[in-house]
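Student: Please pick one part of this model and take me through it closely, with the cut-offs spelled out as you go.

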Amino acid sequence: MTYLLKPKFHHPGLPKNELGYTHRDYEGKISTLCAGCGHDSITGAIVTACFELAIEPHRVAKISGIGCSSKTPDYFLGQSHGFNSVHGRMPSVLTGANLANRDLIYLGVSGDGDSASIGFGQFAHAIRRGVNMAYIVENNGVYGLTKGQFSATADRGSKSKKGVHNTDNAIDLVAIALQLGATYVARSFSGDKGQLVPLIKGAIEHQGAAFLDVISPCVAFNNHAGSTKSFDYVREHNMAVNRLDFITGRNPITADYAPGTVEIVEQHDGSKLVLRKVAPHYDPHDRVKAITYLQESHAAGEIVTGLLYVDKEPADLHGHLNTVKTPLNALNEKELCPGSDALEKFNASLR
Ligand SMILES: Cc1ncc(C[n+]2csc(CCOP(=O)(O)OP(=O)(O)O)c2C)c(N)n1
Ligand code: SF4
Ligand SMILES: [Mg+2]
């Protein structure tokens, strides 16, 4: 893969977070994506979210598949663990890593081709198992890396750069994630940093399967009239269900909200999501209503963005399997191999 290292010098006056790190400490290599690609804005939002959350970089594992979107982990969190896997296989690699070491923060980065076509089964199973992760799809409606073929999230009737109409129905990954039991489900737009950064922070702090679909226009192959994933189309049809600030258990990031229009959602780990409602009566705690709302908005030609659903008390795969609190990769030989008596007892329990 081509890459360009970023020069290390930076302004000595750059603000630092509570760990003493600057924004620059959360960046990666210089992006080689097309100038103006939505994916670069998502990279910027991830850097800001991790800086503001004061995450220790060595506690993050960023895992991706193949595609322009899956290249982006090279451009953020240069001091974190990273694994660029195979097309559509990010979810299973992430699940395995998470089972081996539950102490890391798992950031799954994928594309719409990666997750809605070749990796659709993998996406579905990681979500339904409740793997503790922030799963981000950078959704441009095309296979950007392989020159702009329609992906499975391209809307029926949308037009390619060459003027071809898409005749297939679209997969809405947000609707599927809701149906499969994800405990944090949101959609955003790469061009809306004010909405995207708090949604990423919420997904990272959420202790369960968090899914975030980010519409991210491909300026090379999908930013023309007729595309439903272009900057202009999304700006015209975007309908935000809430405005969101994020407060960690330790440190208020922002508390600038008008009383009476705000709802504070406390997550399991004590971090708080502050929802500023703009859509009347929208309740982000009701899965069935979220699914209905999504369908109604889609029928009305709107793209709903914001936090659509959050479970305040999520359970994750480790909880379902009742694994020990110590990460499995930290267990010693005696703990992993408790001896022949224990094996005999276990075998007897299966007879
Ligand atoms: C097993 C396999 N099949 C096909 C490919 C070719 N391929 C590489 S990237 C890609 C699609 C990428 O689309 P998407 O995930 O939407 O990412 P984008 O480039 O749009 O960000 C395909 C089909 C591959 N690398 N591996
Ligand atoms: S081809 Fe599209 S998705 Fe890939 S880098 Fe260029 S603009 Fe971004
Ligand atoms: Mg794509």
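**The annotated domain**

Tutor: Let's take residues 66-214, which an unreviewed UniProt entry annotates as "domain: Thiamine pyrophosphate enzyme TPP-binding"; the positions follow the numbering used here, the feature name is shortened, and such annotations may be inferred rather than shown by experiment. Residues count from 1 along each chain as its sequence is written, while chains are lettered from A and ligands numbered from 1 in the order in which they are written. Keep in mind that this is a predicted model: local features need pLDDT of at least 70, side-chain atom pairs count only at pLDDT 80 or more, and totals for chains, interfaces and linings use all residues.

Helices (H or I, at least four residues) and strands (E, at least two) are DSSP runs numbered from the N terminus.

Now ligand 1. It has 18 residues around it, with Gly67, Ser69, Gly111, Gly113 and Gly144 coming nearest; "around" takes a C-beta atom, placed from the backbone, within 6 Å. Helix 2 (68-71), helix 4 (112-118) and strand 5 (142-143) each give this shell at least two residues, and helix 4 has the largest share, 4 residues. The shell splits into 6 nonpolar, 9 polar and 3 charged, where Ala, Val, Leu, Ile, Met, Phe, Trp, Tyr, Cys and Pro are nonpolar, Asp, Glu, Lys and Arg charged, and the others, Gly among them, polar.

Strand 7 (184-189) runs antiparallel to strand 13, joined by 4 bridges, with Arg187 partnered to Gly306. Pairing needs at least two DSSP bridges. Strand 13 (303-310) has 8 of its 8 residues buried, so the rest of the structure largely encloses it.

Finally, the largest nonpolar core has 73 residues, and Ala134, Val185, Leu212 and Leu308 are among those with the most contacts inside it. A core is a set of buried Ala, Val, Leu, Ile, Met, Phe, Trp, Tyr and Cys residues joined through C-beta atoms within 7 Å. Setting aside residues up to four places away in sequence, Leu212 touches several residues, including Ala134, Ile136, Ala186 and Ile200.

Note on methods
Buried ≥ 20, exposed ≤ 12 C-beta atoms within 10 Å, placed from the backbone. Contact = placed C-beta atoms within 7 Å.
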